[in-house]
Amino acid sequence: MMKKGLLTLIVLLFTSSWAFSQQNATEWQYVSYPELPFVLDHIHLDLTLESSESLIEGVGSYFITSRKPDLAEVVFNSADMDIQSITFEGNETEYRISSDSLIIQLPDTLQRGNTIEMVISWKSSSSYGIIQDVYGNMWTSLNPKVRHHWLPVPDHPEVATTMDASINIPADQEMVFNGTLVGDELVSTDKKVLEWSSEIPASVTGLSLAMGDFMRSNARSGIKKVSVYASEKTLLPEVRDDLLSIAVSSMKEYERKLSFEFPYESLNIVVLPDNHWEEIQTGAGIIYLYQNLGSLATQLRRGIAEQWFGNFHRYLNAPDNKYEFLKVMLTGTSNIQQLKNPDELQSIYRWNLWEKGFDALEDDHLKNIIRESLPQLVHQYEGVTDWNEYADFWYDKSGSFWEVLPEFELSESHTEEKYVYGVEYIYDELAPALILVFEAKGEPIESLANVDVTEFGFTDTSHTEITFTGALDSVEVEISSGIDYLTLKQAYDTDLDIRFEEEKPFMFWIRQLRDPSSENRIQAAEALQNFTDNPDLQLAIRDALQDEDDANVRAAMFETLSVLTKDASGTEEIFLGNLNSENLSIQLSGLRALANYPKNENVAFQVRNTLLRAERDTVFNAALDAYRQIASVNDLLTAAERLGQNEQGDKKAIKILKVAASGDTTNTSMMMADRYALGEYPYSIRKQALALLIQFEESEDYWQQTLEILQEDRDPRIRHLSLDAVKYVSLSDRTELLENRVKEELDPRVLNKLKELQQ
């Protein structure tokens, strides 16, 4: 029986994802037990891919065997494509399209067990089924119910078939399909034909193809071929080699765990920059890795696990939380990193949650039963598998029916409470005597806290230990007449985490600038910013700088010096030299200091140069923060224009627009944001530009025109985000826009948002 205390996470999981699952269950979930009066024995495809038009032209030969007597018609799924002809033995036949059903009249009734060949010619440039990014990569989505947007087929996980394909592509491209590459022939100077074959039946819902400027690398896991396809520009050779190595070792590991070989003839791995909101990342023998989702190794291990639990075992309701649990169970949690989830993919969210919390399962008996049952599950089931089949299997093992997931409490990562105490130094130099007053800045310590006190004198160093407690406490410290300064440190033998905010005498801090510890010297340099009225401070800092070798300490000293000098004429030269330092801390301290010189043209020029040439994000961000304080909005926008000439420059330009937009009275920032939002740029840039437009552009005329364009965008994330701008459109125009889009929209997430806005 499951423990009662294991109740929290299931509530968390289903509460957080309830809205998503309820909204998308109807749109993405396949029906159970569809009528399938025929068997799809084999498909032969002749395809031509045109990435410039996101176009697939195809001729498909389908070999169909009747499962019932007197079969008179067959029903395929087809949407968003132009069916040009359907023939049997060279003779065209009648067909009609109803909703997304392609209803084909057979020339003669087909008897049970008899086979017929049907040939369909079509074209598709579906924005729902065919994805293309700004880098020229083109691939077909693996989201549920998208296959029939680029390929006429009975689109259901119950349908599996062998296949072969002859695919015509540009000569300078590579492409990936299910199965094994068996031929590669250059047929002209600009075209080549690739031959792919899959003798192992694969579900039609696992079909996918991808084409791009890929470099192919190969390895073997036993007799299985493993290939990585990725652009030479985006994937380092050593990363490519690592992926091949991980793929081979993971396949062997999972085969050993499951006592079941990899279920397809080969494994083809495609590495792409951006996921384009694809909840499903694997097909039959093919895995997509997306660089914007983080660890490629984790994605790969997860994708290989999904070849068994997701492709060999197939589900009607994907993405689904329960099957992410099984993938984590097979993959394990060692050497696995949490994946990034910039677009809030439910599949990734659920994977991360299980990967993070799996080890928190308290019922080891339950974990062991499920883990040990995986080989038997794989051997016993294939094709479409229902969770209840698993639950029945486990019931026989344990006597408990696990209709829902095993539950566990996901505790937050435990961090020790941090205590903060102000420490006032009451120092009598003549006595000499010192009293330390500890005052809690927040929650006080109820027990005794031990503090190590180190006294630095002219000739020696001594150590002592003191204790304090409560909200306010004072402790007398024995000191020598030759004391220079002293330092406080939490004793090693305490479990408390204490931070001290010390108010030392000025000379204590000055002398601490010579402390052996760079950490203590930095503390002193920062604390001296509270003594800017002392006429001796600037000279003391300059003297200390001459003898200081540690770059981080020097940076802290420059920070204090900048507080002293502010914008005094001539002092900027001290900090301008820091911009050329190879040390990051010194560069950053120089930029922060130069923000104090708003009317100095030379400073503005140098900071602008640093802004334009910065290679590190930290330097760019610091330069931007400084430049916005000393330059005009027009200067910022000019810098943004100068930067926006490549992808990295465009990302920086968007950061500048974010800073400049609120003060821009010329609308220049909005025109630039419009160019980025509607142009051929990566989504990471477009979404930031679009967010800026939604925040600052309030023109109804602008949005009436722009929303029409954005709602036709191929990227569903852009369509989804752009709907936030309907608030700027009049009620009547808004109503019409939403009604029209509801009729046209195919992505369930965008469709749900449209319906919500109609309410």
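This report covers the overall build, the cavities and some local features of a predicted protein model.

## Overall build

The model is predicted. The protein has 759 residues, and 54% of them are buried. Its secondary structure comprises 23 helices and 29 strands. Along the principal axes, the C-alpha atoms fill a box of roughly 115 × 65 × 55 Å.

## Surface and charge

The protein exposes about 34,600 Å². Carbon and sulfur atoms supply 46% of that area.

The charge count is 66 positive and 124 negative.

## Cavities

Rolling a probe the size of a water molecule over the atoms shows where empty space is left. In this model, five cavities of 30 Å³ or more are counted. The largest cavity holds about 320 Å³ of space. Its lining has 29 residues. Closest to the centre are Ile280, Glu306, Gly310, Tyr315 and Ala318.

Two helices each supply at least two residues of this lining: H3 (296-308) and H4 (321-331). H4 gives the most to the lining of the largest cavity, with three residues.

Tyr390 sits in helix H7, which covers residues 387-398. Its relative accessibility is 0%, so Tyr390 counts as buried. Beyond its neighbours within four places in sequence, Tyr390 is in contact with Phe309, His313, Tyr315, Tyr323, Leu326, Leu377, Tyr381 and Thr385. One of these partners, Tyr315, is also listed among the residues closest to the centre of the largest cavity. Val146 lies 244 residues from Tyr390 in sequence, and their C-alpha atoms are 27 Å apart.

Trp354 belongs to helix H5, residues 346-357. Trp354 is buried because its relative accessible area is 1%, which is under the 20% cut-off. Leu326 is 28 residues from Trp354 in sequence, with 9.4 Å between their C-alpha atoms.

## Cis peptide bonds

Most residues other than glycine have a negative phi, and most peptide bonds are trans. Ala318 and Pro319 are joined by a cis peptide bond, with omega about 0°. Pro319 is in the loop between strand S21 (313-314) and H4. Ala318 is also one of the residues closest to the centre of the largest cavity.

Ala431 and Pro432 are likewise joined by a cis peptide bond. Omega there is about -20°. Pro432 falls in the loop between strand S23 (418-428) and strand S24 (433-440).

## Positive phi at two serines

Ser54 is not a glycine, yet it has a positive phi of about 50°. Ser54 is in the loop between strand S1 (38-50) and strand S2 (55-66). Its relative accessibility is 5%, so Ser54 counts as buried.

Ser99 also has a positive phi, near 55°. The residue is in the loop between strand S6 (95-98) and strand S7 (101-110). Is Ser99 buried or exposed? Ser99 is exposed, because its relative accessible area of 71% is over the 50% cut-off.

Key: Residues numbered from 1 in each chain as written. Predicted model: local features only at pLDDT ≥ 70, side-chain atom pairs only at ≥ 80, totals over all residues. Heavy atoms only, no water. Helix = DSSP H or I, 4+ residues; strand = E, 2+ residues; numbered from the N terminus. Buried < 20%, exposed > 50% of the residue type's maximum accessible area, 1.4 Å probe, protein only. Areas by Shrake-Rupley, 256 points an atom, 1.4 Å probe, with all protein chains shown as cover. Lys, Arg positive; Asp, Glu negative; His and termini not counted. Charge placed at Lys NZ, Arg CZ, Asp CG, Glu CD. 1 Å grid on protein atoms, 1.4 Å probe; cavity = no way out; pocket = protein on both sides within 12 Å on 5 of 7 lines; lining within 4 Å. Points joined across faces, edges and corners; volume = space filled by probe spheres on them. Contact = heavy atoms within 4.5 Å.
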